[in-house]
Amino acid sequence: MRLSRYFLPVLKETPSEAQIVSHRLMLRAGMIKQASAGIYSWLPLGYKVLKNIENIVHEEQQRAGHIPMLMPTLQSADLWRESGRYDAYGPEMLRITDRHGRDMLYGPTNEEMITDIFKGAVGSYKDLPLTLYHIQWKFRDEIRPRFGVMRGREFLMKDGYNFDLTKEDALHAYNRHLVTYLRTYERLGLQAIPMRADSGPIGGDDTHEFLVLAETGESEVFYDSEITDLTFGERDIDYDNVEQCAAVMEEFTARYARTDETHDEAEFEKIPEARRRSARGIEVGQIFYFGTKYSEALGAMVDDGKGNKVPVHMGSHGIGVSRLLGAIIEASHDDKGIIWPEGVTPFHAGIVNLRQGDSATDAACETLYAALTNLGLEPLYDDRDERAGGKFATMDLIGLPWRITVGPRGLKNGMVELTSRRSGESEEVSPEAAVARIAEIYGKSA
Ligand code: 5CA
């Protein structure tokens, strides 16, 4: 993409309404624009990162055999009356009446609808286990939408639902989801710690939230500091292997880690004092096992192979896809702007032309642009007729992990400058070497 043809409305001023750094940087970098309280338009740069995060979420869900689909945003109130949640959900649910006077709602979650879909199509244990998921916009009329995409009213969520014959099978699905989430967050460059939590309006007894530690987080959390040493890494997991998934669950949840709703001071004090931590965190996901709560209410029964009709055991599992942009920025920025992890960056590298209109410099930039593009990478070429300082400030603000700077002085010696956004370090290299380095970083063969 050439910046002269892109739509990147960066702001010079720091927006006064934004209280936390991720919100400020998303507005300044031209990623989002508020449409009304807690509702945002995703401008091209923000939309690109949102899609990259979605793709990683899709890949990790499908790696575990979970099946993608798409349910609508608007739902009929009838199903919610059957489960008893139409009234129970309270004022967070946006209720709508259509022209025929039918009660509708903008879905805050999809347990009822997926259970109804399942019920109409599956009647036998032979069709189990089954996990369906979608990535769809949700609406919750939050009393205090704030911090930009962190606590929106309209937000993008991945929500998945498992259907199993027995409680044991459903608990394997729960553990399997925990494994997929650990992998997903690590690919996004985040450490998200599973913590025992409260189930709220979804229901059930077993639930873990995934928290990214950050001072600006809305949740208060208590944990054993040893838990922050755990990483998932490059493990080869067989998602059908019950013991393997259970072992990961055990490893990541054995130590004390809880949100304030489930915090138990007496238990906490059993940890050696030097390892006790209380901190703040951003909830980027939550998994639930709620047994037969919805299958019984909506009549989702299967034949168990022994002549009985039994309600299926279910759980639901959510990732706050749009909130993740805020969480990543909170975890990865400096005073100049965002620092994208390579896994989600909107463009793989920036090319800065220091002397637009100089034929040799322009030609060198074009060659770099073509070479990176031919490798299947997406560079952002700042080809505007602007001063170098302004170009650097824009690149730093939007946070591309790598920048190639091209100017007449370096080119005289056949050199360009390759700069890491994270370390700030630069090296003089040939244009070919710069391309080769970037190709290597993104796993492309030059
Ligand atoms: N049905 C279940 C799981 S599929 C469910 O709705 N879970 S949830 O309520 O915990 O939401 C899942 C994730 O969505 C949360 O962990 C959080 O990361 C994200 N989320 C929830 N509310 C908001 C909000 N107002 N703005 C942005 N993200 C949100």
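I began with the second largest pocket, which holds about 290 Å³ of space. This is a predicted model, where local features need pLDDT of at least 70 and side-chain atom pairs count only at pLDDT 80 or more, while totals for chains, interfaces and linings use all residues. Residues are numbered from 1 along each chain as its sequence is written, and side-chain values use heavy atoms, with hydrogens and water left out.

My note on terms: on a 1 Å grid over the protein atoms alone, a pocket is an open set of points with protein on both sides within 12 Å along at least five of seven lines, a cavity is a set where a 1.4 Å probe fits but cannot get out, and lining residues have an atom within 4 Å of a point. Points are joined across faces, edges and corners, and a volume is the space filled by probe spheres set on them.

**Largest pocket.** I read off about 900 Å³ for the largest pocket. Its lining has 42 residues, with R140, R151, E283, Q286 and R323 nearest the centre. Strands β8 (154-164), β11 (219-224), β13 (276-291) and β16 (313-320) are the elements that give two or more residues to this lining. The largest share, 8 residues, is from β13. I noted 12 nonpolar, 15 polar and 15 charged residues in the lining.

**Cavity.** How many cavities of 30 Å³ or more are there in the whole structure? My search found 1, and the largest cavity has about 50 Å³ of space. I listed G38, Y40, W42, W137, G148, V149, G152, E154, F155 and S322 as its lining. Strands β2 (39-42) and β8 each give two or more of these residues. The lining splits into 5 nonpolar, 4 polar and 1 charged.

**Sheet.** I traced an open sheet of 5 strands, ordered β20-β19-β21-β22-β23, with mixed pairing; two strands pair if DSSP finds at least two bridges between them. The edge strands, β20 (379-382) and β23 (426-429), each pair on one side only. Strand β22 (residues 416-420) pairs with β23 in the antiparallel sense over 4 bridges, and I saw V416 bridged to V429 of β23. Helix α12 packs on this sheet and touches β19 (349-353), β20 and β21 (402-406), contact being heavy atoms within 4.5 Å. The direction of α12 makes about 170° with that of β19; axes are lines fitted to C-alpha atoms, for helices over the stretch in contact, and angles run from 0 to 180 degrees between N-to-C directions.

**Helix pair.** Last, I looked up helix α6 (residues 167-187) against helix α7 (residues 242-253): they pack at about 65°, axes 9 Å apart. The α6 side of the contact includes H172 and Y174, and the α7 side includes V242 and C245. I logged 10 nonpolar, 3 polar and 1 charged residues in the contact of α6 with α7.

Note on methods: Ala, Val, Leu, Ile, Met, Phe, Trp, Tyr, Cys and Pro count as nonpolar, Asp, Glu, Lys and Arg as charged, and the others, Gly among them, as polar.
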